[in-house]
Amino acid sequence: MVKLALRSGLRWKVSLAIAAVSALVAVALSLVVHNAARVSMLDNSRAAMNERVQSAQRMYEKYRILGFGAKLDDERLPEQLKKEAARGLRATYLGNTGAAGPEVWASVPLRDGRVLSVHTQFKDRARVLQDLDRVLVLGSVSVVMGGIALGVLIGDQLSRRLRKAATAARKLAEGDSEVRVRDAIGGRVRDETDDLARAVDGMAEALQQRLEAERRVTADIAHELRTPVTGLLTAAELLPPGRPTELVRDRAQAMRQLVEDVLEVARLDGFAERAELQEIALAEFVSRRVRVAAPEARVTVLRDAHVSTDPRRLERILGNLLANAARHGKPPFEVTVEGRVLRVRDHGPGFPEALLKDGPSRFRTGSKDRAGTGHGLGLTIAAGQARVLGARLTFRNAEPTAEGREGAVAVLWLPESAPTNTGSFPVIEVPD
C-alpha cells in the first residue's frame, strides 16, 4: 500500500487558518445581525398592526366606518386571535414569514360582541431584509479575502525567514563553519525564529569547538606516534631475515601508513589545505597513473579534457579509489574518463547502504561483505582531497549485469573552474 504525503507551505497553512477563522467570525456575525434584524422587523410589524387595529377600532366606534382594511368577524381570522377575542383581549398574530414578507394579523373585540381585525403582508420589509443579507454576504467574502491576503503576507514573511534559516543550516551541515543562521535571516523583527537561529548557532559553535578539539587530539596523537613507529620500522630492519621479521615489518609498515592517513585526515578536516594547480590532459594522466597503481584495471576514454587541478591530490584520489576497489570489490576493475568526469568501478558486492546514505566516514568500513579489512580512511581522504580540488566525489551501486554482478561506482566530478587561493570553490551541478 502506497502512502501519499502531502506537503504544503507554511504561508498557505497560515493563510488557510486565518481565512477559516475569518470565515467563522463573518458567518457568526452575519447570523447574529440577520436574526437581530429579522426579530426587529417582526416586532415592528406587529407593533404597526397593533396601532392600525386600534385606529380602525376608534374609527368604527365613532363613525361606523371600516378603515385601514379592517373587517368584522373575518372567517380567515386565526384561531389564536378568536380565543384572545373571546377573553376580551386585543392581540396580534404572526402568520407566514417566508421570502414574500411577514403576514401579520391584529384583532380587537368590540362592545357589540363582534371582532374587528386587520391583516396585511409587509413585502417591503422582506426586501429590506434581503438587501441586508446581500450586504452581509459581500462583507463576509471581503473579510475572508482580506484574511487570506493578510495570512499570505504574514506567512510569506515567516516562511522566508525559515527558508533562509534552513539554507544556512544546510551550509553549516556541509561544513561551512563561517555561516551563522541569525545573520542569514536578518530583519528587524524579533520573534521565535530568532530564538531558533540563536539556538542553532550556539549548537553549531559548540559542535565546531568539539570537532576542532577532537581534530587536534587526533593530530597530536598521530604526530606523537610517528617517532616511535619510525623507530619500530628502523629496528625491524635490523632483525635477522625470516618469517617473523617479515610479519613485524609488515605490521610496522601498516601502523606507519595508518598514522600518516590519520594525520592527512586531520589536515583535511582543518580546511587549511590549498591546491597547487597545473594544467593537465586528464586521459593521459589517468592512463599513466592507473598503469602504475593497478595494472589489471582497464581504462576507457570516452572524451578527453584539459583540466586545471592539483596532480598530486588527483593521483591520491585515484589511488585510494582503486585501492578500495581492490580491497573490497572484485575484478574486472574499470576506469572511465568522460570529459571532466572520472569513474572507477568494480564488480563486487557494491557500497554499503550506510556509505551511500551518509558518505564515507573514518573508521567505518560498511557492511560485513565489504568490510574485511581497512579503517575507512581511504574514501574519507579521497572525499577530503576532492573538496580541496573543488570537485565532487559521489558513490552509487551499479545495476546488476546479465551475470548477476553488481559493483560499486565512484564518480569524481572535476570543476570547470579551479578553486581560488582564498579557498572558495566553484559550484558543481551533479545530475541525479
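Student: What does Arg160 count as at 36% relative accessibility?

Tutor: Buried means under 20% relative accessible area, exposed over 50%, and partly exposed in between (1.4 Å probe, protein chains only). Arg160, at 36%, therefore counts as partly exposed. This is a predicted model: local features need pLDDT of at least 70, side-chain atom pairs count only at pLDDT 80 or more, and totals for chains, interfaces and linings use all residues. Residues are numbered from 1 along each chain as its sequence is written, and side-chain values use heavy atoms, with hydrogens and water left out.

Student: Which residue does Arg160 meet in a salt bridge?

Tutor: Side chains of opposite charge can pair when their charged atoms come close. A salt bridge here is a side-chain nitrogen of Lys or Arg within 4 Å of a carboxyl oxygen of Asp or Glu. Arg160 meets Asp156, at 2.6 Å from N to O. Asp156 is buried, at 18%.

Student: Where do Asp156 and Arg160 lie?

Tutor: Helices (H or I, at least four residues) and strands (E, at least two) are DSSP runs, numbered from the N terminus. Both residues lie in helix H3 (residues 123–173). They are four residues apart, about one turn of the helix.

Student: How many salt bridges does the structure hold?

Tutor: It holds 13. One of them joins Glu79 and Lys82, at 3.7 Å from N to O. These two sit three residues apart in helix H2 (residues 79–86). Glu79 is partly exposed at 48%, and Lys82 is partly exposed at 34%.

Student: Why are Asp195 and Arg198 separated by about one helical turn?

Tutor: Because they are three residues apart in helix H5 (residues 192–237). Asp195 is partly exposed at 45%, and Arg198 is partly exposed at 46%.
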